[in-house]
Amino acid sequence: LRLPVERGLRRITKKTFHKKLQRAYVAVGFQAARISEKNFSALEVIKAILAKGQSSRLFHEVRTKRGLAYTVGAVYEATIHFGFFALYFSADYGNVKSILHILFEQLALHDLREEEVDDAREFLIGSFLLANEYTRERADVNASWLLFGRKPADYVRGIRGVSVNDVRRVAREYFKKNHALIITR
């Protein structure tokens with residue numbers, strides 16, 4: 001089975017869907033590492049730094065500090081064949097430009113501290129271990145990782161190995177503003 005090769009984005013691509021809604025729904029996406037690639041673990045850590053809940057950078061900057069959005073978060077999906085990283089939010093239409101500016105600022109991970117990376121690593125490892133506490137979940141995770149040609153222990157080992165420099169390097173490599181796909185509705 002040969003899958004088509006996806007072309008890399010060379011410029012900001014924006015798609016707007018027109019529908020009468022009370023607020024804007026926006027996603028900002030980037031091509032990202034597949035699960036088998038070396039940057040997978042660093043992207044997992046970045047997702048946790050940006051969007052691991054109310055203590056995350058995005059929630060703090062967009063919701064707590066400025067009150068600009070109803071929801072804000074990040075998704076990183078990595079499979080054998082593709083990977084994507086996306087930020088999303090819902091907000092009043094008048095706040096969209098301001099929020100997009102904040103999102104791109106946060107993707108740069110300025111002033112990244114070792115403590116943030118430590119917290120993200122511990123959050124990811126703890127969540128992973130808790131999710132595998134029950135037999136059925138453990139079986140699902142073991143089967144998934146086997147399909148990827150890896151073991152669940154590889155996930156924990158990879159996350160533990162992510163450094164501040166790895167996070168900075170990967171953020172620079174993947175989150176180029178002119179390589180974003182922005183979808184609004």
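Two strands are said to pair if DSSP finds at least two bridges between them, and helices (H or I, at least four residues) and strands (E, at least two) are DSSP runs numbered from the N terminus. In the predicted model described here, strand E2 (residues 24-31) is joined by eight bridges to strand E4 (residues 83-91), and the two run antiparallel; within this pairing, Ala-27 has Tyr-88 of E4 as its bridge partner. E2 is also joined to strand E5 (residues 181-184), again in antiparallel fashion, through four bridges, with Val-26 standing opposite Thr-184.

Because the model is predicted, local features need pLDDT of at least 70 and side-chain atom pairs count only at pLDDT 80 or more, whereas totals for chains, interfaces and linings use all residues. Residues are numbered from 1 along each chain as its sequence is written, and side-chain values use heavy atoms, with hydrogens and water left out. The pLDDT, which is the predictor's confidence in each residue on a scale from 0 to 100, has a mean of 91 over the chain, and 91% of the residues reach 70 or more. Confidence is lowest in strand E1 (residues 13-16), with a mean of 70, and highest in helix H1, with 98.

When residues up to four places away in sequence are not counted, Leu-43 is in contact (heavy atoms within 4.5 Å) with residues including Ala-32, Tyr-76, Phe-85 and Val-170.

Twelve salt bridges, each a side-chain nitrogen of Lys or Arg within 4 Å of a carboxyl oxygen of Asp or Glu, are found in the whole structure. In one of them, the side chains of Arg-57 and Glu-116 meet at 2.7 Å, N to O, and this pair links distant parts of the chain, since Arg-57 lies in helix H2 (residues 57-65) and Glu-116 in helix H4, 59 residues apart. Both Arg-57 and Glu-116 are buried, where buried means under 20% relative accessible area, exposed over 50%, and partly exposed in between (1.4 Å probe, protein chains only). Arg-113 forms a salt bridge with Glu-115, with the closest N and O atoms 3.5 Å apart, and salt bridges that share partners join Arg-57, Arg-113, Glu-115 and Glu-116 into one network.
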